[in-house]
Amino acid sequence: MKKKYISQPKPTKGNHAVVIGGSMAGLLAGRVLTNHFEQVTIIERDRFPEHPQYRPGVPQSNHVHVLLCKGKQILEQLFPGLLGELETAGALEIDWTAEFPWYNLFGWQPRFHSELKSYLCSRHLLEWMVRQKLATYDNLQFLEKTQVTGLLSKVSNRVTGVRLKSNSQIQDLTADLVVDASGRNSSLPKWLTALGYQSPEETVINSFLGYSSRWYQVPEGLQTDWKALAVAPKPPSDRRGGVLCSVENNCWVTTLWGVNKDYPPTDEVGFLEFARSLRNPIIYKFLQEAQPISPVHVYRRTENRLRHYEKLSKLPDGIVAVGDAVCSFNPVYGQGMTVGALGAITLDECLENYPSLEGLTKGFQKKLAQVTTIPWLMATGEDLRWQETEGSKPDWMTRLMQQYLDQVVMLSVECPEIYQKYVEVMQLTHSPKILFHPDVMAKILGQIIKNYQKLEPKHQEQIIPKLLC
């Protein structure tokens, strides 16, 4: 493959960096490491496919994936021209306020044009395109069908490389920095223990959401004014939701989900009946006309898991963790790839700001914890709405926030400017603080008063004591 050289700062942090894991978080980490190291090696257990297709190391790839607007911005920053190449390969640009009908807790959201745009495509295509871009970097290589079995530590208080296993052969690979991007199944906690360090505390919040997905050929000649659509569940009783997403090759991917173990069936009849049982049957109506081109794919491991590396009093230099190896979300909220991209940018900033690798590990993990706080609270706050969620119970502040956001969503049905702010927060392009602007809070207060005035006097009397508690 012909090399395309991109202007980069001269590497200053060391001779060699290693990335464990070749999924999105690892690929993006590998990209930023090329700015700082003479050589970068991405180690992957799988053999990468030659074309955009499923591989075992990404078990979720057959399901709907979303690249949020913030993720799109970061990808274009790291790989200039990538988005145009994605579109040429069949990805569809989507305006999230105009081309994404969403049936939320209180009805259909308004639709209008905005600059909140990103791209829809399969996870297969996106990862393949990113690997193709990385293959043009002269100082980056892939090491496939190779498993990392442990860390090397030949210097006190420092990781100096990794131990590899490939075709039953064991070898050591030295590195100035090791990046763990191995995902939910990360072995880093036990590797740290083997080196004499503590493993991190973990927070796990599990709503026992499971989903099933199927691919369809779009009916010939069908014209729609949308590119994706969704029907949300409605706590506390309606536990089912679904999304229909357009991707490359004139295909739809449909993911149906149920919370608290109300899992969608895997047979054809049951899958369609589950779609018909949603609060709005629009997904079912479209699927009736489409031709299935895949079996029903299933995924059940959807717990939110946060490993608190930032709280450890001691960590060896020479090792950092990113992506799902640190913070993995319930995938239904579509944050994973974008948060992985935010982690890569954070790593790049830390490498720029630290004069050497000494102290980088603790500094980076603390910074990454700050970056993931808002996405974590967004995901877990939603999962804590369900009575059977395990791992935590909503405290008074969480309940207050849930009630406030319900008012925001209710108001957004009739107020496009509020809906735009809400989407900006969901797309991680703005802080949730914009939903607490005095103008927004004033509109919400007006809405509450208006709804209160509509109630019969006896119901008003029932509400007043609750408001005073």
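Helix H1 (residues 24–33) lies across strand E1 (14–20), strand E2 (37–43), E7 and E11, and runs at about 170° to E2. Angles here go from 0 to 180 degrees between N-to-C directions, with axes fitted to C-alpha atoms (for helices, over the stretch in contact). Helices (H or I, at least four residues) and strands (E, at least two) are DSSP runs, numbered from the N terminus. This is a predicted model, where local features need pLDDT of at least 70, side-chain atom pairs count only at pLDDT 80 or more, and totals for chains, interfaces and linings use all residues. Residues are numbered from 1 along each chain as its sequence is written, and side-chain values use heavy atoms, leaving out hydrogens and water.

**The sheet**
- Five strands make an open sheet in the order E7-E2-E1-E11-E20, with parallel pairing (a pair needs at least two DSSP bridges).
- E7 (140–143) and E20 sit at the edges with a single partner strand each, so one side of each has no neighbour in the sheet.
- E11 (residues 177–180) pairs with E20 in the parallel sense over three bridges, and Val 179 has Val 320 in E20 as its bridge partner.
- Helix H9 (residues 360–383) packs on the sheet too, touching E11 and E20, and its direction makes about 10° with that of E20.

**Around Asp 324**
- Asp 324 lies in the loop between E20 (319–321) and E21 (327–328).
- Leaving aside neighbours within four places in sequence, Asp 324 is in contact (heavy atoms within 4.5 Å) with Gly 183, Arg 184 and Arg 307.
- Asp 324 and Gly 183 are 141 residues apart in sequence, yet 4.4 Å apart in space, C-alpha to C-alpha.
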